[in-house]
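Keep the viewer open and follow along as we go from helix to helix and then on to the ligand.

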Amino acid sequence: MIISLMGYMGSGKSAAADRLAQDLGIGFIDLDDAIEESQKKSISEIFSELGPIRFRKIEKEVLTQILNSDQDFVLALGGGTPAYYDNLDLIKKHSRTVYLRTKISTLIERLESQKESRPLLSHLSSDEMSEFIAKHLFERRNFYEAADFTVDTDNKTIQEISAEIIHLLRQ
Ligand code: S3P
């Protein structure tokens, strides 16, 4: 079984997926890492050198390859992955899906300090960032809410989030 974690940037997908994989004793794949590995470039370099459209094409190619595996693992998606092409259908067809839902205020606080490494945010001022995140999350919410399960992450530890996902998957 593949378990895919989706949610906005800063929702803790990679950390939760890593922990969940350890708790379940299965593998962990981070889609952004797999994309970086496939191009031998960082996500920021892919955006700046190849552009956002090419990034989304590469993202889809790498996602398709990963989802075609018959191994068991936890997959941390990128924040935008379910919102492009038919990625959401593909993800839902090949995996159990969990939306890590995080309050906008928490996302803004976390992303403020990680802005530089995030190509979609790095050019924004603090004021612009709050507005951008609120709008962007609103646009993406429908994709995330198509997940099989939703877990609220605010004020929870990674261990608690992982335990909650395991509980939901076993129901
Ligand atoms: C993106 C999220 C990033 C990365 C890229 C685009 C997005 O992944 O794929 O910068 O469109 O939300 P994380 O959500 O893992 O930061």
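**Helix packing and the ligand**

Start with helix α4 (residues 52-67) and helix α5 (residues 87-94), whose axes come within 10 Å and cross at roughly 15°. Helices here are DSSP runs (H or I, at least four residues), numbered from the N terminus. The axes are lines fitted to C-alpha atoms over the stretch in contact, and angles run from 0 to 180 degrees between N-to-C directions. Because angles under 35 degrees count as roughly parallel, over 145 as roughly antiparallel, 65 to 115 as roughly perpendicular and the rest as oblique, α4 and α5 are roughly parallel to each other.

A word on where this comes from: it's a predicted model, where local features need pLDDT of at least 70, side-chain atom pairs count only at pLDDT 80 or more, and totals for chains, interfaces and linings use all residues. Residues are numbered from 1 along each chain as its sequence is written, and side-chain values use heavy atoms, with hydrogens and water left out.

Now bring α2 (residues 31-39) into view. How does α2 sit against α4? The two pack at an angle of about 105°, with their axes 10 Å apart, so α2 and α4 are roughly perpendicular to each other. From α2, Leu31, Asp32, Ala34, Ile35, Ser38 and Gln39 meet Phe55, Ile58, Glu59, Val62, Leu63 and Ile66 of α4; contact means heavy atoms within 4.5 Å. Sorted by class, that's 8 nonpolar, 2 polar and 2 charged residues. For those labels, Ala, Val, Leu, Ile, Met, Phe, Trp, Tyr, Cys and Pro count as nonpolar, Asp, Glu, Lys and Arg as charged, and the others, Gly among them, as polar.

Both ends of α2 deserve a look. Asp30 caps its N-terminal end, with a side-chain oxygen 3.1 Å from the backbone nitrogen of Asp32. Just after α2, Lys40 takes a positive phi of about 55°.

Next, find helix α6 (residues 104-112) and helix α7 (residues 126-144), which pack at about 130° with their axes 10 Å apart. That makes α6 and α7 oblique to each other. On the α6 side, the contact is made by Ile104, Leu107, Ile108, Leu111 and Glu112, and on the α7 side by Ser126, Met129, Ser130, Ile133, Ala134 and Leu137. The tally by class is 8 nonpolar, 2 polar and 1 charged.

Finally, the ligand. Which of the 14 residues around the ligand come nearest? They are Lys13, Asp32, Arg56, Arg118 and Arg140; a residue is near a molecule if one of its heavy atoms lies within 4 Å of it. Zoom in on the ligand's oxygen atoms: a polar side-chain atom of Arg118 lies 2.4 Å from one oxygen atom of the ligand, and a polar side-chain atom of Arg56 lies 2.6 Å from an oxygen atom of the ligand. Gly79 uses its backbone, with a polar atom 2.8 Å from a ligand oxygen.

Technical notes:
A polar contact is a pair of N or O atoms within 3.5 Å; within protein, one must be able to donate a hydrogen and the other to accept it, and residues adjacent in sequence count only if both atoms are side-chain atoms.
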